[in-house]
Amino acid sequence: MENKSHLTAIKRNRLSKPWALALAYLPNECPRAQVMVLDYGCGRGDDRERLTQMGYDAYGYDPHYTVNEHSIHDRIYDIVSLVYVLNVIQNPQERLETLQKGWSLVRPGGHLLVAVRHAKEVVSASGKKEPPWERLDESGWCYRTSRGTYQKFFNNHEIEYLMDNATDHLGEGHFSRLKPGIYIIKKED
Ligand SMILES: C[S@@+](CC[C@H](N)C(=O)[O-])C[C@H]1O[C@@H](n2cnc3c(N)ncnc32)[C@H](O)[C@@H]1O
């Protein structure tokens, strides 16, 4: 089935939880206008818009919703985010490449924010009317909808292993877990 991952992008009325947690966690020594951020896989762009309103120099990229990929590749950023992007990508190689791409756009000394759906949600959602769950392997669950969308649920080990690979084995010590499935990774200066 064709993966229509863009259909997973929701309208947001406030800053997403991963971005709110990241901004509370990160040092904020310079004026916001000097902090360049990129929301990679920004969907409808609501986080980017909110970050702009908050004073950040904010950019967004989404293969479906934006068309300015060239310009976002021309620079590197203080903070790059992948918010609920990796979990909608069905192909494991594409997941890794997307994470590598996001990491490559972080400046030395900058940060990558990664948020994925977490395996513990499977338990809380199991009582609700959801599409049929499929067990992938011992590491996780996923579901596919009739609309052609896909959702994968990661456990800690799985997402941390992927981040380790994408960052050339920086090591798990460099990953700050803000909440299950929400991480900040700092790039060395
Ligand atoms: C669940 S939405 C999240 C959107 C936004 N980050 C948010 O939290 O509101 C997932 C988004 O990932 C985008 N996406 C899918 N594959 C991607 C890829 N390889 N690189 C970047 N974005 C991708 C989709 O187009 C979709 O808009």
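Two strands are taken to pair if DSSP finds at least two bridges between them, and it is in this sense that Leu 38 stands opposite Tyr 59 in S2. The model is predicted, and the points below concern its open sheet, which is formed by six strands, and the buried residues of helix H6 (residues 156-166).

**The sheet**
- The six strands follow the order S2-S1-S3-S4-S9-S8, and their pairing is mixed.
- At the edges are strand S2 (57-61) and strand S8 (175-179), each of which pairs on one side only.
- From one strand to the next, the twist averages 20°.

**Strands S1 and S2, with helix H2**
- Strand S1 (residues 36-40) pairs with S2 in the parallel sense, over five bridges, and Leu 38 is the residue that stands opposite Tyr 59 in S2.
- Helix H2 (residues 46-53) packs on the sheet, where it touches S1, S2 and strand S3 (77-83), and the direction of H2 makes about 170° with that of S2.

**Helix H6**
- Ile 159, Met 163 and Ala 166 are buried in helix H6, and because these residues cover an arc of only 65° around the axis, they lie on the same side of H6.
- An α-helix has 3.6 residues a turn, so residues three or four places apart point the same way.
- The cover over the buried residues of H6 includes helix H4 (92-104) together with strand S4 (106-115), S8 and strand S9 (182-186).
- Just after H6, Asp 168 adopts a positive phi of about 55°.

Technical notes:
Residues are numbered from 1 along each chain as its sequence is written. This is a predicted model: local features need pLDDT of at least 70, side-chain atom pairs count only at pLDDT 80 or more; totals for chains, interfaces and linings use all residues. Helices (H or I, at least four residues) and strands (E, at least two) are DSSP runs, numbered from the N terminus. Axes are lines fitted to C-alpha atoms, for helices over the stretch in contact, and angles run from 0 to 180 degrees between N-to-C directions. Two residues are in contact if their C-beta atoms, placed from the backbone, lie within 7 Å. A residue is buried if 20 or more other C-beta atoms lie within 10 Å of its own, exposed if 12 or fewer, and partly exposed in between; C-beta atoms are placed from the backbone. The arc is that of the directions from the helix axis to the C-beta atoms.
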